[in-house]
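Hi everyone, thanks for making time for this. I'd like to walk you through one protein, so please have a look at the sequence and the structure on the screen.

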Amino acid sequence: MPNMTPVERLPSVRSLTRPPSTPSTALAEEPSTKADRERECSMHEALAAVIFMGQLFSLMPIAGYGPPSDPRTVTMRFLSVRFVYGCVTLLIMLALIVMLGAYTAHQSSFGVQQASSVVYYAIIVFFMVELMLLARNWSQIMGRWYVDELPFRSAPYRPPARTLPFHRKVHLIAFSVMLFAFLEDTLNFVSAYKLNELHIRYCPHRDGFWKNFFHREHPYVLRAIPYHPVLGWTIELTMRIAKFTWHYVDVFIICLSLGLQRRFVQFNERLERLDGQPQPQGVWRGLRLDFVRLTELVAFVDERFSKLILFSCANDMFFITVQLFNSFE
């Protein structure tokens, strides 16, 4: 029998009253759509607004960051306003921890409330330091991510079906979570303000309204430093930054997870489009290399962000446990 191609071995469809029951072994091509010509947003571009939001609160002091920029060229400049802003905030937080520790040591008892305050300040300082260290190596981290995800940003890979564009999804989740976090923090401040009003109205005192407010909220500070309006509002602003940092780390980790998850979804959807049809050897070789690229990227991200993720999970579990404990009292 002369050599025949797989297609020639099959009888012509026109000569049959019914099509063959077995699938064709012809090399199938992936269907092309308009989405193939659209370039997928990179993780670097999707994180631009999230990084900028963090910089407003002294986090991630990276210079040269923006959607059009190359992530391999961003730097952390030690003589920049961002870096000085971050260092000043970090020093204030360290001073608060020292004053809180001294104040707690002079207390007659050490309970859950005191422990949660110490843990809260300590974890905030750790988050600030860790994010600053990540910012120092951000060009290497995001440069590696940028290179590994490059094949997934264009054909034959496509953006996942029935989902928002990558940058919009990241922005929607990040800013929604932070909006609710700010709402919670605002309600806590209003609650403390109203309690101070009641204290001023019904309890004898000789302090003004705001001095009494800061004395009730931050007694460990006024025990070490005399009250001054500038001091009071500096501490209150630092508390807002600390609360933002507490929530921001969770949002930051969520955004990183979204970036990894999206690439795996793209890989899986491409396999589904192939539908088990025969493909050239180069296609399967490329798929294997892309999968290896993704798994190595996951290992790289896990190595670089493992401490941040571990402490974030431990922090969440600790304060959930504290809230459960308080609910039983």
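Let's start on the outside, with a nonpolar patch on the surface made of Met317, Ile320, Leu324 and Phe328. Together these four have about 480 Å² of accessible area. Please keep in mind that this is a predicted model. Phe328 is found in helix H11, which covers residues 281-328. Is Phe328 buried or exposed? Phe328 counts as exposed, because its relative accessibility is 72% and the cut-off for exposed is over 50%.

Now for the whole chain. What are the elements here, helices or strands? The protein chain has 11 helices and 0 strands, so if you read from the N terminus on, the pattern is α-α-α-α-α-α-α-α-α-α-α. The chain has 329 residues, and 37% of them are buried. The accessible surface comes to about 19200 Å², with 63% of that belonging to carbon and sulfur atoms.

How does the chain come together across the sequence? Take the contacts with a separation of 6 or more: 77% of them are between residues 24 or more positions apart. Here is one example to find on your screen. Val112 and Val322 are 210 residues apart in sequence, yet their C-alpha atoms are 7.4 Å apart in space. Val112 lies in helix H5, residues 112-136. If we leave aside neighbours within four places in sequence, Val112 is in contact with Val322 and Phe325. Val112 counts as partly exposed, at 31% relative accessibility.

Let's go inside. The largest nonpolar core has 68 residues, and those touching the most other members are Leu47, Met60, Trp138, Tyr248 and Phe252. Which helix gives the most to this core? That is helix H10, residues 229-274, with 16 residues.

A disulfide is a covalent bond between the sulfur atoms of two cysteines.

Last topic: charges. Side chains of opposite charge can pair when their charged atoms come close. The structure holds 10 salt bridges. One of them joins Glu45 and Arg153, at 3.9 Å from N to O. Why does this pair tie together parts that are 108 residues apart in sequence? Because Glu45 sits in helix H2, residues 43-46, while Arg153 is in the loop between helix H6 and helix H7. Glu45 is partly exposed at 27%, whereas Arg153 is buried at 4%.

Other pairs sit within a single helix. Arg144 and Asp148 form a salt bridge with their closest N and O atoms 2.6 Å apart, and both lie in helix H6, 4 residues apart, about one turn of the helix. Lys194 and Glu197 meet at 3.7 Å, both in helix H7 and 3 residues apart. Finally, salt bridges that share partners join Glu40, Glu149, Arg262 and Arg263 into one network.

That's my tour, and I'm happy to take questions.

Notes:
Residues numbered from 1 in each chain as written. Predicted model: local features only at pLDDT ≥ 70, side-chain atom pairs only at ≥ 80, totals over all residues. Heavy atoms only, no water. Core = buried A, V, L, I, M, F, W, Y, C linked by side-chain atoms within 4.5 Å. Buried < 20%, exposed > 50% of the residue type's maximum accessible area, 1.4 Å probe, protein only. Helix = DSSP H or I, 4+ residues; strand = E, 2+ residues; numbered from the N terminus. Contact = heavy atoms within 4.5 Å. Areas by Shrake-Rupley, 256 points an atom, 1.4 Å probe, with all protein chains shown as cover. Patch = residues over 30% accessible without salt bridge, like charges linked within 9 Å, V, L, I, M, F, W, Y side chains within 5 Å. Salt bridge = Lys/Arg side-chain N within 4 Å of Asp/Glu carboxyl O.
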